[in-house]
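Please find below my note on the model under review.

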Amino acid sequence: MNARALIHTARALVKGEKGLLALDESTPTCNRRFAALGIPQTEDARRAYRELIVTTPTLGEYINGAILYEETLRQMTHEGVPFTKVLSDAGVMPGIKVDMGTTELAGHPGETITEGLDGLRGRLQAYVKLGARFAKWRAVITPGANIPSHGCIHSNAHALARYAALCQEVGLVPIIEPEVLMDGDQTLQQCAAVTQDVLRTVFEQLHTQRVLLEGMLLKPNMVLPGLACTAPTTVGEVSEATVSCLLRTVPAAVPGIVFLSGGQTAELASARLNDMNARFKLQLPWALAFSFARAIQQPAMEIWKGNPGNTAAAQKALLHRLRCNHAACRGEYNADLEWLTV
Ligand code: 5MM
């Protein structure tokens, strides 16, 4: 393991108060989002959509990295330029989602385990040759009646740590993504308790597997009430609960925390990230930034709708969300920004 290079890359991924763009939807997820908008679910449509994103001008002013799906890592623009080169030329490091998705965890009804450890060492070596600088693995934790179980949390944390150690062995910075889903009717306090338990277990396992904390990033959920919870929650309450949970669980050696959006509206995701940075940045040992997928891409995808004539307008919408989230990393986002166009 080259610790110095890993630390350099991990820091570079969160430098300049910029974030990451997650465009690593697996083919089934991407197709589902395309189907909802009447976009053909073909490899060429996925390639064209990803080309729209990676060729968006000035991308590198707002993000340091882009997480790709394996299909995308190997794809090129219509002029034959690899997407990895387009991104690197724009100052954006290419990363790769390396988990193989979730499956039911045996003996644990309603809970899942993320697969992909078998053969991972060889796949990671191939991704490095294709230009990847970092990787990502997502574990999914479902809150509900009597769940998550200890078995589910422990198994997923163990897999995340094994993945992270393999990444560092080949020089890829691992992004550790334990997502507590926001479906369900759990309260803010219940989400805080589950998230705290999950993160504590994840860092125990990272320690056990000898993962270099300075050479990784954490990609957690914000602490949120479930979508079906009727108790009103303010932006400030979410930001306080999230920061307090992270301060209790994430070691100061970790250089950055890059949130997933998890189904929040684009505007709320920006407002909540902004509140954390505006109020707490000076007390925090790690950078707080974004690694959103839906909260950055959804407005652009809705404009594009598979029509090449909409590309410029979709890129403008993408840049708008990136600009809002870059402002949120600085604690300078406010609702007025939503009325400004790029
Ligand atoms: C939680 O999903 C991650 C962040 O996306 P959101 O900001 O939309 O919540 C995302 O990176 C996710 O891990 C990828 O899209 C891959 O998900 P699938 O379900 O396709 O494996």
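The numbered points below begin with the basis of the model and then turn to its parts.

1. This is a predicted model, in which local features need pLDDT of at least 70, side-chain atom pairs count only at pLDDT 80 or more, and totals for chains, interfaces and linings use all residues. Residues are numbered from 1 along each chain as its sequence is written, and side-chain values use heavy atoms, with hydrogens and water left out.

2. The ligand is surrounded by 17 residues, of which T29, K136, S261, G262 and R294 are the closest; a residue counts as near if one of its heavy atoms lies within 4 Å of the molecule. By class, the shell holds nine charged, four polar and four nonpolar residues. Here Asp, Glu, Lys and Arg count as charged, Ala, Val, Leu, Ile, Met, Phe, Trp, Tyr, Cys and Pro as nonpolar, and the others, Gly among them, as polar.

3. A polar side-chain atom of T29 is 2.7 Å from a ligand oxygen. For K97, the distance from a side-chain N or O atom to an oxygen atom of the ligand is 2.7 Å, and for D24 it is 2.9 Å. On its own the ligand has 510 Å² of accessible area, and the protein covers 92% of this (Shrake-Rupley method, 1.4 Å probe).

4. The largest pocket holds the ligand, in the sense that more than half of its atoms lie within 2 Å of the pocket's grid points. A pocket is an open set of points on a 1 Å grid over the protein atoms alone, where a 1.4 Å probe fits, with protein on both sides within 12 Å along at least five of seven lines. Two elements, β6 (134–141) and β7 (173–180), each give two or more residues to the shell around the ligand.

5. Eight strands form a closed barrel with parallel pairing, in the order β1-β2-β3-β6-β7-β8-β9-β10. Strands are DSSP runs of E of at least two residues, and helices are runs of H or I of at least four; two strands pair if DSSP finds at least two bridges between them. The parallel strands β6 and β7 are joined by eight bridges, and F134 has V173 of β7 as its bridge partner.

6. The loop between β6 and α7 (150–169) contains P148, and N146 lies in that loop too. The peptide bond from I147 to P148 is cis, with omega near 10°. N146, although not a glycine, has a positive phi of about 60°. Most residues other than glycine have a negative phi, and most peptide bonds are trans.

Note on methods. A polar contact is a pair of N or O atoms within 3.5 Å; within protein, one must be able to donate a hydrogen and the other to accept it, and residues adjacent in sequence count only if both atoms are side-chain atoms. On a 1 Å grid over the protein atoms alone, a cavity is a set of points where a 1.4 Å probe fits but cannot get out, and a pocket is an open set with protein on both sides within 12 Å along at least five of seven lines; lining residues have an atom within 4 Å of a point.
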